[in-house]
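Please read it with the sequence and the structure open beside you.

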Amino acid sequence: MGYDNSNERFLIEQTDRSHEGVHSTIQGAHPEAQKTIGEAAINPSDFIYSPRYKKEDIERDLGLVEKREKQFEHDDSQKPAEVFEAIMLHQGELSNWFGQHAETIKTSRYDDIFNGIAIIVEFENTTAKELSHLGVAVDVTFGTTGLQKKIERIKKEIDRGELARVKYFYSEKEGVREPRDVARVVVGIELNQVVELAALWLQQKNFQYKEIRSKANHALAAHPASRAMLEEISLQLERFKDYANKNNKKALSDIYEKDLVIVKAILAEKQKAGIRMGELKDDRVYNSIKETVERLFPL
């Protein structure tokens, strides 16, 4: 399956490069991204009658979120990450970005802000009849400082013998509302790639002509970003597994190993389908993740 990005590049080049400091394509996609995220997000209020939660704790958490949201109110810096996150949620299932037996679950705003997990990818092992969960932190940046802190956080969790914890978790397949420990990974791409994806996403969702929507659908399904994210996840799981094993954290090592087997199988499917990394081999965020993980988790 080939990928031709000439159409969306032309669309991008015809628009104003920025509006209030944010690329106009990101500005145009952001309202739809907010809608997608808002509709998909786990709502802590739904946990009030669960025996695992206290009403006053949920109300406190919602208050903390509201307070933090006010601090973000005039901050445009998160818009690219939110657009990328919404596209991941939408295309994760529509285009099988994480494989045909995976679902993307949007975490609560509380877990996104305070636990640093924006999305959970739920993999179903149809042979073993079991589910596996990855907590995904989304990164869209030109710098490396924030990225390094996120990966250092994972190292500290492994040192403590812990996975990341999501306070509010719900899976339709499991039908339970409870806290959940998940293997945390970081995925990200450069801003220009998010702009490219956003242009396609807007075509897919808003264009009245069926042929244009169809072409956008095909381009999103074959986009190198889906391959790049899986490569980032595979690299991290491999290094985390070895580090946990060397530091006598076998229970964690086994979890990383199980997830790694699943991700490698999906990568093989991407390879078979002809989805390549292309220019994303030179993506600065992709390479920053690779270099940071290799440095912090040496073989």
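Is Phe297 buried or exposed?

1. Phe297 is buried, with a relative accessible area of 1%. Here buried means under 20% relative accessible area, exposed means over 50%, and partly exposed lies in between, with a 1.4 Å probe and protein chains only. This is a predicted model, in which local features need pLDDT of at least 70 and side-chain atom pairs count only at pLDDT 80 or more, while totals for chains, interfaces and linings use all residues. Residues are numbered from 1 along each chain as its sequence is written, and side-chain values use heavy atoms, with hydrogens and water left out.

2. Aromatic pairs. Rings of Phe, Tyr and Trp (its six-membered ring) pair if their centres lie within 6.5 Å; planes under 30 degrees apart count as stacked, over 60 as edge-to-face and the rest as tilted. The count by this rule is eight aromatic pairs. In one of them, the ring centres of Phe47 and Tyr168 are 5.3 Å apart and the planes stand at 80°, so this pair is edge-to-face. Phe47 lies in the loop between helix H2 (24-40) and H3, and Tyr168 lies in strand E4, so the pair ties together parts 121 residues apart in sequence. Both Phe47 and Tyr168 are buried. Tyr243 and Phe297 also form an edge-to-face pair, because their ring centres are 5.1 Å apart and their planes are at 85°. Tyr243 belongs to helix H9 and Phe297 to the segment after H11, so this pair ties together parts that are 54 residues apart in sequence. Tyr243 is buried, with a relative accessible area of 13%. Helices (H or I, at least four residues) and strands (E, at least two) are DSSP runs, numbered from the N terminus.

3. Around Phe47. Ring pairs join Phe47, Tyr53, Tyr110, Phe114 and Tyr168 into a cluster. The charged end of Arg177 sits over the ring of Phe47, 5.7 Å from its centre. Arg177 also lies over the face of Tyr170, at 4.3 Å from the ring centre. A charge sits over a ring if NZ of Lys or CZ of Arg is within 6 Å of the ring centre and within 35 degrees of the ring normal.

4. Salt bridges. Side chains of opposite charge can pair when their charged atoms come close. A salt bridge is a side-chain nitrogen of Lys or Arg within 4 Å of a carboxyl oxygen of Asp or Glu, and the structure holds 27 of them. One joins the side chains of Asp61 and Lys167, at 2.7 Å from N to O. That pair links distant parts of the chain, with Asp61 in helix H3 (residues 55-72) and Lys167 in strand E4 (residues 164-171), 106 residues apart. Asp61 is buried at 1% relative accessible area, whereas Lys167 is partly exposed at 21%.

5. Lys106 and Glu85 meet through their side chains at 3.2 Å, N to O. Lys106 is in strand E1 (residues 102-106) and Glu85 in helix H4 (residues 79-94), 21 residues apart. Lys106 is buried, with a relative accessible area of 3%, and Glu85 is buried, with 6%. A network of salt bridges links Glu69, Glu85, Lys106, Arg109 and Asp112.

6. Nonpolar cores. A nonpolar core is a set of buried Ala, Val, Leu, Ile, Met, Phe, Trp, Tyr and Cys residues joined through side-chain atoms within 4.5 Å. The largest has 69 residues, of which Phe84, Met88, Phe98, Phe123, Ile158 and Tyr256 touch the most other members. Helix H9 (residues 224-246) gives the largest share of this core, 10 residues. Leaving out residues up to four places away in sequence, Ile158 touches Phe240, Tyr243, Ala244, Lys249, Leu252, Tyr256 and Phe297; contact means heavy atoms within 4.5 Å. A second, separate core of 15 residues includes Ile42, Ile58, Tyr110 and Val182.

7. Helix H10 (residues 250-272). Its 23 residues reach 33 Å from the first C-alpha to the last, close to the 33 Å expected at 1.5 Å a residue; the expected span is 1.5 Å times one less than the number of residues. Among the buried residues of H10 are Leu252, Tyr256 and Lys270. Their cover includes strand E2 (119-125), helix H6 (145-159) and H9. Just after H10, Gly274 takes a positive phi of about 85°.
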